[in-house]
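Grab your viewer and work through these exercises one at a time. Each task comes with a step-by-step solution.

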Amino acid sequence: MNRMLNNKLLSCKNLSKNQIMKILRRTEEFEKKPSFNNQGYNFTLINAFFEPSTRTMLSFQQACYRLGGRVINFNKEFSSINKGESHYDTVKSLVNYGDIMVLRHPERGFVEKFSEKEKMPIINGGDGDGEHPTQALLDLYTIYKNFKSFFTENAHILNILIVGDIRHSRTIHSLIDVLKHYPRIKINLLPYENREPQYEMIENIAREHNQFVEDIVYDKNNCDYSKYDVIYMTRLQKERHGGTQNVNFILNKQEMEKVKKDAIIMHPLPRNEEIATEIDDDERCVYFDQMKNGVFVRMTILEMLLGYT
Ligand code: NCD
C-alpha cells in the first residue's frame with residue numbers, strides 16, 4: 001500500500017511539491033518510453049461514474065489496460081439505482097468487484113465521505129463543483145511539458161489566465177491547489193458573469209503567489225491577453241447552476257492575434273462555445289494534447305495507489 005498518497009487521491013490540497021514532482025517525472029517516463037507500457041500488473045479497476053464522462057473514464061480505462069489491468073465499468077442507467085438502491089449502497093457493492101476505484105459523483109464531498117471508512121484505494125474522478133485532482137495533475141503536466149525551463153531552473157515568471165466558471169469549475173479549484181507550490185506562477189482570473197470566485201480563493205492566490213488581491217480578477221475589457229503564457233479556458237457549468245447566462249469571452253481567431261506566439265491555450269474539455277473551432281489548428285492550442293497526457297498521468301496515479309512504486 002502506498003503511503004505517499006495514503007492509498008487515496010481525493011484532492012490536491014494535501015499533495016506536497018515533492019509528491020507532485022515525482023508524479024510529473026514518472027508520467028514523463030511513461031510518455032517517453034513506450035517500453036514502460038505493458039507493466040504486466042495484475043489488478044481490476046472499477047470505474048464508478050455517477051455523472052457523464054468521456055475523457056476521465058476512458059483515459060482511466062486505457063491507462064489501466066496499458067498497465068496490464070482489467071476494467072469494470074459501472075453503468076448507472078442499467079443499475080439497481082432504478083430499483084431504488086441508494087448511491088451509497090451501490091458504491092459499497094462495487095467495492096467487492098475490484099482492487100481500485102475511480103469514483104465520480106454529482107455531489108460535492110460525496111467521494112471523500114465514502115472514502116473515509118473504505119480500505120480500497122479510491123481516486124476522486126470529480127465531485128460536483130468540488131475537486132478533480134487527476135485533471136489538475138494532467139493540466140500541470142501539460143504546463144510542465146511546454147515550459148520545461150520554468151520547472152528546471154525556476155528562474156522566470158509564468159503568467160496564467162484562468163477563464164470561465166471560476167466558482168463552480170472543479171478543474172479550476174484543483175488546478176489552483178497544485179499551482180500554489182509554484183509561487184513564480186502568477187495567476188489572473190477572468191470569470192464569466194455571476195461565476196466569480198469566492199473571496200477566499202482570491203486571498204489564497206494573493207498569499208501563495210505574492211500578488212495583490214485587487215490585481216487578480218479581471219474582466220474582458222481590462223485584460224491584456226498578450227501577457228499570458230497559459231490561457232486556461234473552461235465552459236459554463238450549466239448542469240450545476242443553471243445556464244441562463246452567456247459566456248462573456250470567446251476565444252476566436254481575432255482574439256488569438258493578441259496572444260503571445262509561444263503561449264498555450266488549455267481546456268479540460270468538453271468545450272461549448274467559449275473556444276471557436278476555427279482556432280483548433282493553431283499550434284498554441286493544446287487541449288487535445290491534454291487528453292493524451294491524461295492517460296500517462298493516470299497510469300502514474302494507478303501505479304502509485306496500487307503500491308507498485
Ligand atoms: C471536466 C469535468 O468533468 O470536470 N471534464 C473533464 O473531466 N475533462 C470539465 C467540465 O465538465 O467542464
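**Exercise 1.** In which loop is Asn194 found?

*Solution.* Before starting, note that this is a predicted model, where local features need pLDDT of at least 70, side-chain atom pairs count only at pLDDT 80 or more, and totals for chains, interfaces and linings use all residues. Residues are numbered from 1 along each chain as its sequence is written, and side-chain values use heavy atoms, with hydrogens and water left out.
- Step 1: Asn194 sits in the loop between S7 and helix H8 (199-209). Helices (H or I, at least four residues) and strands (E, at least two) are DSSP runs, numbered from the N terminus.
- Step 2: check the backbone. Asn194 isn't a glycine, yet has a positive phi of about 65°.
- Step 3: for context, most residues other than glycine have a negative phi, and most peptide bonds are trans.

**Exercise 2.** Work out the strand order of the open sheet of 4 strands.

*Solution.* 
- Step 1: the order reads S7-S6-S8-S9, with parallel pairing. Two strands pair if DSSP finds at least two bridges between them.
- Step 2: look for the edges. Strand S7 (185-191) and strand S9 (264-266) each pair on one side only.
- Step 3: Neighbouring strands here are turned by 20° against each other on average, direction ignored.
- Step 4: zoom in on one pair. Strand S8 (residues 230-233) runs parallel to S9 and is joined to it by 3 bridges; Ile231 has Ile265 of S9 as its bridge partner.

**Exercise 3.** Describe how helix H5 and helix H11 cross.

*Solution.* 
- Step 1: two packed helices are described by the angle between their axes and the distance between the axes.
- Step 2: the axes of H5 (residues 133-146) and H11 (residues 287-305) come within 8 Å and cross at roughly 115°. Axes are lines fitted to C-alpha atoms, for helices over the stretch in contact, and angles run from 0 to 180 degrees between N-to-C directions.
- Step 3: list the contact (heavy atoms within 4.5 Å). Residues involved include Leu137, Leu138 and Tyr141 of H5 and Val297 and Ile301 of H11.

**Exercise 4.** Why is one side of S1 and of S3 left without a neighbour in the sheet?

*Solution.* 
- Step 1: the open sheet of 5 strands has the order S1-S5-S4-S2-S3, with parallel pairing.
- Step 2: strand S1 (8-9) and strand S3 (70-73) stand at the edges with a single partner strand each, so one side of each has no neighbour in the sheet.
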